[in-house]
Amino acid sequence: MSWYRPAGSAARGPYAVELTPSTVEGWRWTSLRVLELGPGESHAFGSGAEELFVLPLNGGGTVEVDSERFELIGRPDVFSGPSDTVYVPRDATVTVTAADGARFALPAAPCANRLAARYLPASDVAVELRGAGSSTRQVHNFGSAGTFDADRLIAVEVITPAGNWSSYPPHKHDVDQPGVESELEEIYYFEVSDPAGFGFHRVYGTDDRPIDLLAEVRGGDVVLVPHGWHGPSVAAPGYHLYYLNVMAGPGATREWLISDDPAHAWVRDEWAAQAPDPRLPMGKER
């Protein structure tokens, strides 16, 4: 099983990326589709047993969910700050239209409960700076467990400035330990600030559940994390790195609880004496 999917390798039908429990062997809890629409194009689909977000990567458009219509302003690119989004419940009929052309990420997860469709403006997205020094990164908590109500799905965006490290120290969330760690599958979808740019992403396992991946990642690449320690994600000097995280799991409580790799957890202690990277936040004018 390859947990690294280079750009184009997961294209299917109308989607530039389609990775779901039905297309990935052994996958159960998360999905990601990337929809590319030309000017004036529309795409209609049913959400089925999944809840999802319609998240503009670049451009904007209109999202119709059953009888409701939402206008997405969108953004020029993923490095221009957070975007407005639409939450789509399960068992809904959806039509996405882009008058001027656009690209949308559709992170999703199977769920049991049908919640209301909702619009989240970009101004309401909580922007968080994590880490310090060369480990500073910017997180857009549009779909995190603590900021947006969903049934099972957790989704956030992370911007790592050129030369910085994120998803660090390496951590995992693959066992159910109430109050300590939550069991969550995870998808990383990457974009880079320049087509020539690149970064690196690491996933490695425990003794009883081995996995070993070190991938050079470029725009449109995806890494699947079924279990194990993951991180760092490293942005090469000269190129900012973006990734969309999609998480869900079998736990009764929707929460993101992690365990750091004990060999590297001490790195967090250094952050108290370091200033955040002054290049962040990006897109703060939004």
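Contact is taken here to mean heavy atoms within 4.5 Å. The structure is a predicted model, in which local features need pLDDT of at least 70 and side-chain atom pairs count only at pLDDT 80 or more, while totals for chains, interfaces and linings use all residues. Residues are numbered from 1 along each chain as its sequence is written, and side-chain values use heavy atoms, with hydrogens and water left out.

Leaving aside neighbours within four places in sequence, leucine 37 is in contact with Ser42, His43, Val96, Thr97, Ala98, Gly101, Ala102 and Phe104. Leucine 37 belongs to strand S3 (residues 31-37), where helices (H or I, at least four residues) and strands (E, at least two) are DSSP runs numbered from the N terminus. With a relative accessible area of 8%, leucine 37 is buried, the classes being buried under 20% relative accessible area, exposed over 50% and partly exposed in between, for a 1.4 Å probe and protein chains only.

A nonpolar core is defined as a set of buried Ala, Val, Leu, Ile, Met, Phe, Trp, Tyr and Cys residues joined through side-chain atoms within 4.5 Å. The largest such core comprises 51 residues, of which Tyr189, Tyr242 and Leu244 touch the most other members. Strand S21 (residues 241-248) gives the most to this core, contributing six residues. Not counting residues up to four places away in sequence, leucine 244 touches Leu32, Leu55, Ala105, Phe142, Val156, Glu157, Ile187, Tyr188 and Tyr189. A second, separate core has 21 residues, including Leu35, Leu72, Val88 and Ala98.

Strands are treated as paired if DSSP finds at least two bridges between them. On this basis, seven strands form an open sheet in the order S1-S19-S16-S21-S13-S12-S11, with antiparallel pairing; strand S1 (4-5) and strand S11 (126-130) are the edge strands, each pairing on one side only. Within this sheet, the antiparallel strands S12 and S13 are joined by four bridges, and valine 139 stands opposite valine 158 in S13. Elsewhere, six bridges join strand S5 (residues 50-65) to strand S6 (residues 68-75), which also run antiparallel, and glutamate 64 has arginine 69 in S6 as its bridge partner. The hairpin of S5 and S6 has two residues between the strands, and aspartate 66 there takes a positive phi near 55 degrees; aspartate 66 is partly exposed, at 42% relative accessible area.

Serine 167, in the loop between strand S14 (165-166) and strand S15 (171-172), likewise has a positive phi, near 50 degrees, but counts as buried at 8% relative accessibility. A cis peptide bond with omega of about 5 degrees joins glycine 231 and proline 232, and the bond from leucine 280 to proline 281 is also cis, with omega near 5 degrees.

Pockets were identified on a 1 Å grid over the protein atoms alone, a pocket being an open set of points where a 1.4 Å probe fits, with protein on both sides within 12 Å along at least five of seven lines, and lining residues having an atom within 4 Å of a point. The largest pocket has a volume of about 350 Å³, a volume being the space filled by probe spheres set on the grid points, which are joined across faces, edges and corners. Of its 24 lining residues, Arg130, Val139, His171, Trp256 and Ile258 are the closest to its centre.
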